[in-house]
Amino acid sequence: MCCFRARCRFPAAALLAVLALTVAGAPARAGAGAVRYLDPALPVRDRVDDLLDRMTLDEKLGQMTQPERRYVDAQEVTRYRIGSVLSSGGSAPSPNSAEGWADMYDALQRGALATPLRIPLMYGVDAVHGHNNVVGATIFPHNIGIGASRDPGLARAIGAATAEEMAATGVNWDFAPCVCVVRNDRWGRTYESFGEIPALPAAMTTMIDGLQGDGGGGAAVLATAKHFLGDGGTAGGDDQGDARISEEELREVHLPPFREAVRRGVGSVMVSYSSWNGVKMHRNRELISGLLKGELGFAGIVVSDYNGIDQIDGRSGFTRAEVAAAVNAGIDVVMVPTRWKEFIALLREAVQDGEVPMARIDDANRRILTRKFALDLFERPLADRGYARGLGGAAHRALARRAVAESQVVLKNDRVLPLDEGEKIFVAGGHANDVGLQSGGWTITWQGAAGPTTPGTTILQGIRRAAGPAARVTYDRNGTGADRSYDAAVAVVGEKPYAEYHGDRTDDLRLDRADLEAIDRIRAARVPVVVVLVSGRPLDVTAELPKWDGLVASWLPGTEGAGVADVLFGDADPMGRLPVTWPRDGDQEPINRGDGKQPLFPLGFGLTYDDR
Ligand code: GLC
């Protein structure tokens, strides 16, 4: 299967460039005649062979080096032949706009094009639920909600929309989707998983098709299946911890989504920080080179995680031994945000001393260059600003609203849903009127934040619109003022935003006291109450549930909160089903289908309005 839907036209500019190079003196070390690697009519393999023959060791080492944008500039991209740059979570140019991003990308790209061989660079971000670093971009539900939708076509469409919003900014490498299989909901990255059984992340690898241009859209970026391997299976749900599991469980539970991603032609795979039975994945040659590249036949780029090689020896910073161990394990691009000059020097030493074979360096470069040719980067290196109009546009927001509606899971409904237009409705809870809280982590900043961090529709705004002009909707986050005159109440509560290990929870997984008090005030007024839970995972609601008339798992819906109201008012029938088992209490974790434990709600549970 084609890895990318490469646009089949070759702009005249590209052909003129080849001609110009032929006439005006091709890059140094050129062979006789036309510069083959610049000829878009040639097979990618031939272009890679020709370019590789022309490259010096330093040019090859630069291709394997990925600094963070704050620690490199365009001149250094030229001088050190840098092959890619990343934005870590929330690392954005100023202004943080499509134009600001495109200007930043183009400036760095021109640095790459100023090198003798003019090898264009790739730029990577974590667009994990839309192009979430960019203010104004469409923010889709996090993966756990997409898993609840059970809709691979939706995942593909989200990938295509995300690729278009990325293209508007020049960014062409997405460190997504996470195809992790979450086995312990205490893990701070539970919401980045499509679900607890391998079939769910495997099914949602359609997002890769959308991102890489096989979804029929116009834009194509490099997708990344992450994190290889077993990041969701660590003991205690400890982020970056140790997956102490058999090879059989590793292969049966955690490997299938990567197998499917490779089958779909995913362009890159990111290595996990975690360990498998005490061996850091970043140095696990057997799994990276043996299993992923060998057995699965993965021909794309293996990229490290952020400073991932620093963790190999358990001490801070990295050494030549760690550099050599990571590259020899099969890592092709090293995400080395700050000390990238030192990385290049140590890798050069390791190659010159024979510790890292030149064949490994050439294999890494072959993989990198193949993806750059497949992305059309040699012909179209600069940002395609024509996509800017679509960034955060009505079409993508409508898609996101549909995704929100499809992801809602109704867990309890004692004749309180759907709400009726024109009713008198009381809304409470700190998550009701806050785009930042309903979007969660990886939104504008790495950890996310409360408040109007980016344009969107809050759940309360959605309720007000859905209730109609005749309705009377009152909001008080603490539930103060609720009385018997109200037909129903909606309490929107949940978790504060977090990302990665900051979201690991070792507590009782219960709701915050303020949320419970707001709900109790409504109940004291004897108003039927529906609790809408905005969270990245199941929480312990067992003791409270009998006092509630309804419960909806909303997950982390993103900017289009109206999708929640669509379900609350029956404008969209609830179709969502649990992508993870819902525990009775935190002590049941890890709890998964088939483990013999008795959950509050099983995997796959979800009510429709026909279940009233
Ligand atoms: C982070 C995450 C990874 C992300 C990378 C770059 O630490 O583990 O998922 O892609 O760094 O931001």
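1. According to UniProt, in an unreviewed entry, residues 409-609 carry the feature "domain: Glycoside hydrolase family 3 C-terminal"; UniProt positions are given in the numbering used here, feature names are shortened, and annotations may be inferred rather than shown by experiment.

2. The model is predicted, with local features needing pLDDT of at least 70 and side-chain atom pairs counting only at pLDDT 80 or more, whereas totals for chains, interfaces and linings use all residues. Residues are numbered from 1 along each chain as its sequence is written, and side-chain values use heavy atoms, with hydrogens and water left out.

3. The protein is divided into domain 1 (12-389) and domain 2 (408-611), with bounds that come from an automatic or database domain assignment. The C-alpha centres of these two domains lie 36 Å apart, and 43 residues of domain 1 are in contact (heavy atoms within 4.5 Å) with 47 residues of domain 2.

4. Helix α2 (residues 44-54) packs against helix α15 (residues 358-374) at an angle of about 130 degrees, with the axes 10 Å apart; axes are lines fitted to C-alpha atoms, for helices over the stretch in contact, and angles run from 0 to 180 degrees between N-to-C directions. The pair α2 and α15 is therefore oblique, given that angles under 35 degrees count as roughly parallel, over 145 as roughly antiparallel, 65 to 115 as roughly perpendicular and the rest as oblique. The contact is made by V44, R45, R47, V48, D49, L51 and L52 of α2 together with D362, N365, R366, L369, T370 and F373 of α15. These residues divide into 6 nonpolar, 2 polar and 5 charged, where Ala, Val, Leu, Ile, Met, Phe, Trp, Tyr, Cys and Pro count as nonpolar, Asp, Glu, Lys and Arg as charged, and the others, Gly among them, as polar. The crossing of α2 and α15 is right-handed; a crossing is left-handed if the near helix is turned anticlockwise from the far one by less than a right angle, and right-handed if clockwise.

5. For helix α7 (residues 152-167) and helix α16 (residues 394-407), the axes come within 11 Å and cross at roughly 150 degrees, and this crossing is left-handed. The residues that make the contact are L154, A157, I158, A161, E164 and E165 of α7 and H396, L399, R402, A403 and E406 of α16, and by class they comprise 6 nonpolar, 1 polar and 4 charged residues.

6. Helix α10 (residues 247-254) and helix α11 (residues 256-263) pack at an angle of about 50 degrees with their axes 5 Å apart, and α10 and α11 are therefore oblique to each other. R251, E252, V253 and H254 of α10 meet P256, P257 and F258 of α11 in this contact, which by class has 4 nonpolar, 1 polar and 2 charged residues.

7. N96 lies in the loop between β2 (84-86) and α5 (98-113), and, leaving aside neighbours within four places in sequence, N96 is in contact with W101, N133, V134, V135 and I444. N96 and V134 are 38 residues apart in sequence, and their C-alpha atoms are 6.0 Å apart in space. I444 is found in the loop between α17 (435-439) and α18 (459-467) and has a phi near 65 degrees, a positive value in a residue other than glycine.

8. A cis bond joins A176 and P177, with omega about 5 degrees, and P177 sits in the loop between β4 (173-174) and α8 (199-203). The peptide bond from E589 to P590 is cis, with omega near -5 degrees, and P590 is found in the segment after α20 (562-568).

Terms used. Helices (H or I, at least four residues) and strands (E, at least two) are DSSP runs, numbered from the N terminus.
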